[in-house]
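Here is my note on the model, in numbered points. Please keep the structure open beside it as you read.

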Amino acid sequence: MKRADCLKALYPELHERLVVTIMGACAQELYDLGHRENFFYLEHAMGLASSIGLGLALNAPDEKVVVLDGDGSVLMNLGGLATLARYRPRNLTHLIFDNGSLLSTGGFASHTTAGLTDLAAIAKGAGCPNVCLVTSVYDFMAAAAEAFENTTLTTIVAKVEAVGPDHYGMDLALPENAFRFRRHIVQKQGSKGAGKPG
Amino acid sequence: MTVSRDNSLAVYQGIKDSGVRFLSALPETWLIYLLQLADDDPDMTLIEVAKEEEAIGLAAGAYFAGKPNILLMQNHGFLAALNGVVSLAMLYRVPLCMLIALRGHWGEPYPWHTQGGIYTEPVLRGLGLPFEYARDPATVGRQIKEAVTFAHSSLSPVALLLTRELMED
């Protein structure tokens, strides 16, 4: 299973959701499907996509939040799984693409490569209430559809091949992405306090 | 020396007066009363993280949702969160208002805090991260409000250092 195929199948379901993706290949593959104002690409600060998702989910309870994560990033913020489990936002779906590789930073093997480190087991052990492991695009979409329907924090670990795009680049400056993402959310919420600190 | 309950209340009142209703924190001794006050306040959401760098992500998420927020941490936690400060907040121009317990400085009896205390200000200066020291319960409320305002106008992280003078009786 390729992550790009999962994203392609998932893409139509993301239109009404707030999407936070990790860096590199995952971000590029999502962008190449067509940028939308509800997408935020975290091109650095590995590990924090799930934390951004938690902050969003708790502060925009009427929105549905999707975090696109990876094994390398999750391994950098394992404590974040415990924080997610503790506060378990009902409106967050955590999709972890496990390709067993630090693909975007040189293709080095990650701790999950040999099958020793089991991210689904870690998520369960952290206390995440609804965790599943999928190995086919069909199962991935079935699990995602169920997660999008339910009101429980759901973690889906998808085993994918360590392959990515043959190019990198976006016509979107990073702060521009942040400004537009925020504006999209605030306008959607009709928040009167937007842009004001107090 | 004990943590000052009265001055913790002054800090908490400053947070409330700033309009912030979302806090993220990693618990530490000097923050004990602040966190209790937040926990007991039905109008306040407090998220306790496992490591301080998570709080940078939480703050970004809250900001994207249009909610001003404050991070509470110890200076060693700030040092542990640096990549998030640099490569999320600074890179994407996300405001952060950090209230940082400044352990390991003047009067510090515990050796383990001292290196972090000594290097906190040089690191802040090295990052060009605007900061102030909070020493007086009479002015800390205003300082918090101004920190929130400046973080949002500058789209930058800012830090208010909670000193021993303020936090201990």
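1. Start with helices α1 (residues 5-17) and α2 (residues 32-40) of chain B. Their axes come within 8 Å and cross at roughly 50°. An axis here is a line fitted to C-alpha atoms, for helices over the stretch in contact, and angles run from 0 to 180 degrees between N-to-C directions. α1(B) and α2(B) are therefore oblique to each other. Angles under 35 degrees count as roughly parallel, over 145 as roughly antiparallel, 65 to 115 as roughly perpendicular and the rest as oblique. The crossing of α1(B) and α2(B) is right-handed, that is, the near helix is turned clockwise from the far one by less than a right angle.

2. Which residues make this contact? From α1(B) come B:Arg5, B:Ser8, B:Leu9, B:Val11 and B:Tyr12; from α2(B) come B:Tyr33, B:Leu34 and B:Leu37. Two residues are in contact if their C-beta atoms, placed from the backbone, lie within 7 Å. By class, the contact of α1(B) with α2(B) has six nonpolar, one polar and one charged residues. Ala, Val, Leu, Ile, Met, Phe, Trp, Tyr, Cys and Pro count as nonpolar, Asp, Glu, Lys and Arg as charged, and the others, Gly among them, as polar.

3. A word on the source. This is a predicted model: local features need pLDDT of at least 70, side-chain atom pairs count only at pLDDT 80 or more, and totals for chains, interfaces and linings use all residues. Residues are numbered from 1 along each chain as its sequence is written, and chains are lettered from A and ligands numbered from 1 in the order in which they are written.

4. Now the sheet of chain B. Six strands form an open, parallel sheet in the order β2-β1-β3-β4-β6-β5. Strands pair if DSSP finds at least two bridges between them. Helices (H or I, at least four residues) and strands (E, at least two) are DSSP runs, numbered from the N terminus. The edge strands of chain B are β2 (45-48) and β5 (131-134), each pairing on one side only.

5. Look inside that sheet. Six bridges join β4 (residues 96-101) of chain B to β6 (residues 157-162) of chain B. The bridge partner of B:Ile100 in β6(B) is B:Leu161.

6. Last, the two chains together. Their contact takes 31 residues from chain A and 34 residues from chain B. On chain A, α3 (49-59), α5 (78-87) and α8 (174-189) each supply at least two residues of the side that touches chain B. That side of chain A has 17 nonpolar, 13 polar and one charged residues.
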